[in-house]
Structures are given as structure tokens and as C-alpha cells.
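Q: Hi, I have a new structure open and would like to talk it through with you. Could you take my questions as they come?

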Amino acid sequence: MNTIDDRITAALRARAELLTEAELSPAAPPAGRWAQPSRGRWTAPLLAAAIVGVAAVATVTAVQMSRSDHAHPAIRPTVSVHPSPSGVAPTPSASNPAPSQSATQPAPSQSPSQTANTSQSATPPPSSVTPPFVMGYEPLWPFGSYTEAEQWRTKAGGSQPWHLDAAQTALNFTRSYLGFTELDQVAEPRMDEQGAHVGVGYRDPNGQLRIAAVLHLIRYGDSKDSPWEVVGSDDTTLSLEKPAYGSRVSSPMTIGGHITGVDENIVVSVLASQTDRSTVAQIPAGGDRSAWTTGPVSFAQRGTLTLVASTGGHLQQVERFAIHGVHT
Amino acid sequence: MEVVREPGTVAMRTTMVRNKDVPVQLSPVNDADSAVAALFQSHRLAMVRLAVLLVDDVETSEDVVQEAFAALHRRWPMLADREAAVSYLRSCVLNGSRSVLRRRRTVRRNPHPDADTLTVEGADGRLMLAEEHREVIAALQRLPRRQREVIVLRYWSELSEAQVAAALGISLGAVKSNAFHGRQAIAAALGGAE
């Protein structure tokens, strides 16, 4: 071996052997029936599912035939997507109301499944939908799972059509979920193969649009009418980098990133839902791409977590923010 | 705990396993619990270390390895060649690590993450390394995924090129090419230290 081969071998060995048996978390080997490919034990559930499926299809057919007798229009209304013009807040309309401004609109983070439950009962059950879709990102909002997203798509009957509008979803996420109600402007989404990138922000006293964050959304499903899901932010002058996106975390954890700016006060929060949130740190920071870190912070939330870093105080309370997805 | 046993008896087998040459007593193949438990005892640490070299995060690596053993347990009755258990386990760890890296891909603005920003554990771990090793590991983490996998399997797992090809499901030529380019990139990062 020459020098470079020796160096690679030695470095890999040194890195690997930093980890010893004693440092591994206690764990037991898998055992028992749960891990077995017991084809037989699935027979009964599959049979039951098949029976339920057949019954559901029969019910759907019967109900639809019944409705056609009364010449009702299609259950699912036509939904048109109108991206908000650059720098202009979306205008609420009958077909696309802004949830934060509509008293009759359910809270977005809680609505998909609830709406699905109260919608037409003549739609196919979710068990008839095979879920081959691989997210590849942390699903932050509004849906907690592919099943929820599919339920909305197949059962909501067109309610809350803002799910089909990336700009509106980004704005609702910012205002309703994060609670940054001062941010009421949304820019034209930029679409690429990774999804939609939507700037949300505010207008300064001179009327100039200020982008507080560029949110990244993807369609939660392979269908063209799959709803949009917020999965992260495209960070520039304020970033969240630790822990790594998509990593598994446990309390306490250290949250950190970089910031460019002067006299900043970074507020760091952990959200598991609209109501399960906590501010875990406030850090004075500033400089040119200066590293910031919270030190170990404790949190009680479980599941998919949205980490939020925000700063402001010059023109308004929140002027920039970044989000990050991890899970416990 | 319920133990599922299948009819039939199978002779005891042994196999030599990766780089520590630990002979593993593979229990009767109809006893997945005890056989996988034996492998768990003898190979868990090595597999977690393999995953750490790929994903740079101990906690995540432990999860990946636990999933790999669970998959092995489920697969146990179907394994045609019991001596392939370790290879199967390694493939599971590689696949699991790949999934973890895929999930992290939305660190989009930083596709080749700075060595200090991968994970807290990774950064802390590297701090305990000698400077010369830190440089190599940092260069390794900047490699494209496939090159990193090939380098780790060749230099740490000490697999032959054919074994690497089998483990990754790629051609021998692809192994050679990835090893060459990975090695070149690391050398360049180290200032052309050949």
C-alpha cells in the first residue's frame, strides 16, 4: 500500500473504532413471531379487507346510482389554482379562502382528517389506495402522513382547495402554523423538479417586499391533484443546520446554523403541532455567516418536529426565519 | 416470547465473517431467534461502525442496524445460503444508510456538507480524531454516495472488488471506477498526498 491507501485505511479504522461496544445503546436482537414472514397470519386480515372493499364498492355504486336519479352535479367541485402574483398577498375568494381570515374554515393542521370524516361517505375507503409514494422529506405541514394527504385528495370533496395552491399553503403555514401573522405577503412560486419554492414575507414602510423565508413544498402524492406539503426552507442568510435535516433526535439536542446580519436575536422553537410548541432558546447573534448554536436544549415533543429559527426586531417582530424537519 | 419453529432439521454450519475473522456459529436454520441473536452479539458493533462511516451519526446508525437485523430475522427462513447471512446483513445496512442519506438530501443548499455541520455526533466524533484522520474523513464525507460506499467497503470492510460489487449490486467495472475516483478525490483533498 502506498501513502494514500494507508491514510484512508488508518482514518477509517480510527473513526470506526471511536465507537466501542460500551457506547452502543442497549438493544436486544429481534426475536419472536413479529419478525417472521408469517404469510398465514395475514390471511384473515386480507380476507376481511377484501370483504370490506367489495362492500364499499357496492355501497358507492348504489349511492351513486341513487344520486344520479336526482341529477345532482358531480360531488367534487372544480378547483382552479391561481398562484398569487408576486409580492401580493392572496385574495380570499369563495373558491379559495384564506383560512386565517375565514371564521368558517377549520384550522388547517387539524382539518384534513376531520374534513374527510365529515365529507361524502360515498367515496372509496383509504384501504383501496396503495401507497407507493415515497416522500423523501420530513412531512411538516399540513399533513402528518401520506394517508392523511390521500384522504383529503380522495374524500374531501374539494373542501379547502388551498391545499392545491403552493403559495397559499406556504402562507397558511407561516401564519397559522408558525404564528407569524405579520408575514402576509407571498411571492410567485418557483417550480422545479424538487417541487415549489415560495417566498413569504412582508412589506417594509417604503412598500418594498421583504422576503422572510423561501419555503420548500412538494406534492404529497404522485397525482396532479395531490396536496402540497411544506417540507423545509431554502436557507440563505439565516440557516438551520444542526441537527441534520431528517435525522432522529432526542432530548436534549443542540440546534445551530449560520446567520448573516447585525444585532440579531434568534428565537428557536420546536413544534410538533399547532398547539404543541415551545420556544427553547433565544440567542443574540450577528456577523457575516456566523455560526450560532443553542447548546443542549430540552424538549418534550414527539414525532415529526419542525424546528424554527426566527429573527427580527428591526422593522417587525419576525423579519427572517428558517425551518427544519427532524423526528424523534 | 413466542418462538416460531419450522419442521425439519438442518445441520450446524459455520462461516467466517468480515475483517475480524470471528467464526460465527450459525444455529440450526429453523431457529431464527437464536441464530440472529448470535449474529447480533458478534456483528452488531461492526455493522454500526460500518453505518457510522456512511451516515456519520451513531444514533441513526444504531437504528439502521436494528432494522437490518429485523430484516434478517424476517428473511431467515428464506435464506438459501445461511453463510450469506452476513452479506445480507451488510446489504441491509448499506440500503438503510442510503435511505438515511436520501432523507437528508434537503440540505440542498449544501450538497457537500461542511465537515462541521453534518451532525452533532459526527462533528463531536471527529474532534476526537487526529488531525490527519479528520482530513481524510472530511474528504470521505464529501464524496458522492457511491464512491463513499466503495471506499468504505474496500478499505474498512476489506472486501474484494468482487465482494463490493456483489454487496452494492453494481458491476466490477463500476467498483473499480468508483474506487479510483474516490481515492483520487481524497488524495486531491489532502493536497495530492500520494
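Q: Among contacts in chain A between residues at least 6 apart in sequence, what percentage join residues at least 24 apart?
A: In this predicted model, 62% of the contacts in chain A between residues at least 6 apart in sequence join residues at least 24 apart.

Q: And which elements does chain A have?
A: Chain A has five helices and nine strands, and from the N terminus on the order is α-α-α-α-α-β-β-β-β-β-β-β-β-β.

Q: What share of chain A is buried?
A: Of the 328 residues in chain A, 39% are buried.

Q: Which residues touch the most other members of the largest nonpolar core?
A: That core has 55 residues, and those touching the most other members are A:Ala170, A:Val198, A:Val200, A:Leu215, A:Leu217 and A:Phe321. Strand β6 of chain A, residues 253-271, gives the most to this core, with seven residues.

Q: Changing topic, how do α1 of chain A and α6 of chain B cross?
A: Their axes come within 9 Å and cross at roughly 95°, which makes α1(A) roughly perpendicular to α6(B).

Q: Which residues make that contact?
A: From α1(A) there are A:Arg7, A:Ile8, A:Ala10, A:Ala11, A:Ala14 and A:Arg15, while α6(B) brings B:Glu132, B:His133, B:Val136 and B:Ile137.

Q: How many of those are nonpolar, polar or charged?
A: The residues of this contact divide into six nonpolar, one polar and three charged.

Conventions: Residues numbered from 1 in each chain as written. Chains lettered and ligands numbered in written order. Predicted model: local features only at pLDDT ≥ 70, side-chain atom pairs only at ≥ 80, totals over all residues. Axes fitted to C-alpha atoms, helices over the stretch in contact; angles between N-to-C directions. Helix = DSSP H or I, 4+ residues; strand = E, 2+ residues; numbered from the N terminus. Parallel < 35°, antiparallel > 145°, perpendicular 65-115°, else oblique. Contact = placed C-beta atoms within 7 Å. Nonpolar A, V, L, I, M, F, W, Y, C, P; charged D, E, K, R; others polar. Core = buried A, V, L, I, M, F, W, Y, C linked by C-beta atoms within 7 Å. Buried ≥ 20, exposed ≤ 12 C-beta atoms within 10 Å, placed from the backbone.
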